[in-house]
Amino acid sequence: MKETLAKSKILNISIKQSKEYNEYLEAKKELQSNEDLCNKVICFKNRNKELQSHPDYNPLDEVIALAKEYEEVLNDCVVSRYLQAEQKVCKLMQEVYNKIAEGLEFGELDE
């Protein structure tokens, strides 16, 4: 187990050195420099999370309504850069998790 944890620390360092992660940090810093805009993005993300966790979530209608409500914020170049950078890091992490789990027999008993 110690060896696996040591390798995970190396992976962590590699992710921190990645282009995607560093672009995300830069975009986040730029967004945080505008407190009002940052607060609007936080509200948008919280509302989006609420909608997606609601049992009556209607993806198309809800996403359209939320996008209209926050249209001005979402069209801001600083916000757009931040959200795109965040999405790239999420994609990177998803790919890393998939590679880690590849070939592992872990899950349901009937598999």
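Biologist: At what angle do the axes of α3 and helix α4 cross, and within what distance do they come?

Modeller: Two packed helices are described by the angle between their axes and the distance between the axes. In this predicted model, the axes of α3 and α4 (residues 59-69) cross at roughly 165 degrees and come within 11 Å. Axes here are lines fitted to C-alpha atoms, for helices over the stretch in contact, and angles run from 0 to 180 degrees between N-to-C directions. Helices (H or I, at least four residues) are DSSP runs, numbered from the N terminus.

The model is predicted, so local features need pLDDT of at least 70 and side-chain atom pairs count only at pLDDT 80 or more, while totals for chains, interfaces and linings use all residues. Residues are numbered from 1 along each chain as its sequence is written, and side-chain values use heavy atoms, with hydrogens and water left out.

Biologist: Is α3 roughly parallel or roughly antiparallel to α4?

Modeller: Angles under 35 degrees count as roughly parallel, over 145 as roughly antiparallel, 65 to 115 as roughly perpendicular and the rest as oblique. The helix α3 is therefore roughly antiparallel to α4.

Biologist: Which residues of α3 and α4 meet?

Modeller: Contact means heavy atoms within 4.5 Å. From α3, Phe44, Arg47, Asn48 and Leu51 meet Glu62, Leu66 and Glu69 of α4. By class, this contact of α3 with α4 has 3 nonpolar, 1 polar and 3 charged residues. Asp, Glu, Lys and Arg count as charged, Ala, Val, Leu, Ile, Met, Phe, Trp, Tyr, Cys and Pro as nonpolar, and the others, Gly among them, as polar.

Biologist: Is Leu51 buried or exposed?

Modeller: Buried means under 20% relative accessible area, exposed over 50%, and partly exposed in between (1.4 Å probe, protein chains only). Leu51 counts as buried because its relative accessibility is 16%. Leu51 and Glu62 are 11 residues apart in sequence, and their C-alpha atoms are 7.2 Å apart in space.

Biologist: How do α3 and α6 pack?

Modeller: Their axes are 11 Å apart, at an angle of about 50 degrees. The two helices are therefore oblique to each other. Leu37, Val41 and Lys45 in α3 meet Val78, Val79, Tyr82 and Glu86 in α6. The classes in this contact are 5 nonpolar, no polar and 2 charged residues.

Biologist: Which residues have the most contacts inside the largest nonpolar core?

Modeller: In soluble globular proteins, nonpolar side chains tend to be buried together. The largest nonpolar core here has 16 residues, and those with the most contacts inside it are Leu31, Leu37, Val41, Val73, Val79 and Tyr82. At least two residues of this core come from each of α2 (19-32), α3 (35-53) and α6 (77-101). Such a core is a set of buried Ala, Val, Leu, Ile, Met, Phe, Trp, Tyr and Cys residues joined through side-chain atoms within 4.5 Å.
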